[in-house]
Amino acid sequence: MKKKKKEVKEKFSWNLMWRQRYLLLMSVPFVVWLIIFKYVPLWGWTMAFQEVKPGSFALPVWERKFVGFQNFIDAFTDRLFPQTMINTIGISILGLALGTVTSVLFALILNELCFSRFKKVTQTVSYLPHFVSWVIIASIAKMLFNDGGAIDTMLGTKLHLMSTNSPVIWFVVCLVDVWKEMGWNAIIYLSAMAGIDHGLYEAAKVDGANRFQRIWHVTLPGIKPTVIVLLIMNIGSALNVGMERQMLLSNSLVQDHAMVLSWFAYVRGIGSNNYGLGTAIGVFQSVVGVILLFVANKIAGMLGESKLV
């Protein structure tokens with residue numbers, strides 16, 4: 001009986017694959033691209049366990065000096081590592097919270113607008129900063145936040161937002177990032193809102209719900225699975241904070257609280273010609289990211305919420 005069920009299952013699988021053969025063929029180029037550009041480069045992780053200097057690149061992998069976990073030990077015992085780790089976690093949590101809340105609120109506002117032409121113009125304008133280079137964005141931000149900048153001039157006092165050696169720079173970086181990416185990140189939430197059954201809104205109206213009650217009891221529950229899935233994915237990349245924002249926005253006064261792991265890997269790896277150490281930091285970021293992804297996904301499943309798998 002079990003053998004017969006197994007044969008039926010296998011036959012069903014092959015039949016299903018044959019019916020979807022064109023879709024499978026269409027996916028082949030993307031699978032090949034994924035293997036070549038995402039999985040083949042993982043071979044470079046071997047440098048994390050070797051002594052790799054500029055002169056050793058010409059040597060085959062098996063002829064380079066094997067140092068075990070020494071590169072990881074050197075990275076973790078570096079004087080900059082503790083503060084860099086704190087900066088990375090702080091900027092990640094703050095950016096995740098501000099980015100999610102502002103994107104959802106902006107999407108809710110756009111969804112509630114009744115004037116379609118104004119709504120389209122607002123959407124288009126909000127997307128534009130996403131396509132602007134961080135070099136330009138950082139230049140604008142410095143004119144606003146530097147001592148004596150536009151904000152200090154308007155307030156008539158100096159806030160020292162860009163010249164205080166404290167976590168204040170975290171807020172500056174995250175606020176600038178929110179301004180740049182809020183409109184772009186709201187697209188997926190607007191798409192989720194468009195998929196909500198309008199009959200639910202009509203039923204809520206019949207029951208006497210006002211606009212805010214409809215948002216709270218219909219719109220937010222409708223996009224809740226999307227919000228949770230995006231949160232899980234963003235938690236997985238918590239340590240992979242890009243260094244471009246911090247490098248361009250910081251200065252020598254705030255660099256101690258602006259340096260993140262990616263920047264640390266650049267300074268200690270490429271800057272010091274110690275590519276094994278830089279690779280070790282990158283491996284650490286990736287491994288911790290995968291662990292965080294699975295943990296967040298598991299917690300979401302235990303709480304009965306939507307999850308990735």
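View 1. The model is predicted: local features need pLDDT of at least 70, side-chain atom pairs count only at pLDDT 80 or more, and totals for chains, interfaces and linings use all residues. Residues are numbered from 1 along each chain as its sequence is written, and side-chain values use heavy atoms, without hydrogens and water. A pocket is an open set of points on a 1 Å grid over the protein atoms alone, where a 1.4 Å probe fits, with protein on both sides within 12 Å along at least five of seven lines. Lining residues have an atom within 4 Å of a point. Volume is the space filled by probe spheres set on the points, which are joined across faces, edges and corners.

**View 2. Residues such as His198 and Tyr201 line the second largest pocket.** Among the others are Asn111, Met193, Lys205 and Arg214. H4, H8, H9 (198-206) and H10 each give two or more residues. Helices are DSSP runs (H or I, at least four residues), numbered from the N terminus. H9 gives the most, with 4 residues.

**View 3. The lining of the second largest pocket has 5 charged residues.** Another 4 are nonpolar and 2 are polar. Asp, Glu, Lys and Arg count as charged; Ala, Val, Leu, Ile, Met, Phe, Trp, Tyr, Cys and Pro as nonpolar; the others, Gly among them, as polar.

**View 4. The largest pocket holds about 770 Å³ of space.** Its lining has 33 residues. Gly95, Leu96, Asp177, Asn234 and Ser237 lie nearest the centre. H4 gives the most, with 10 residues.
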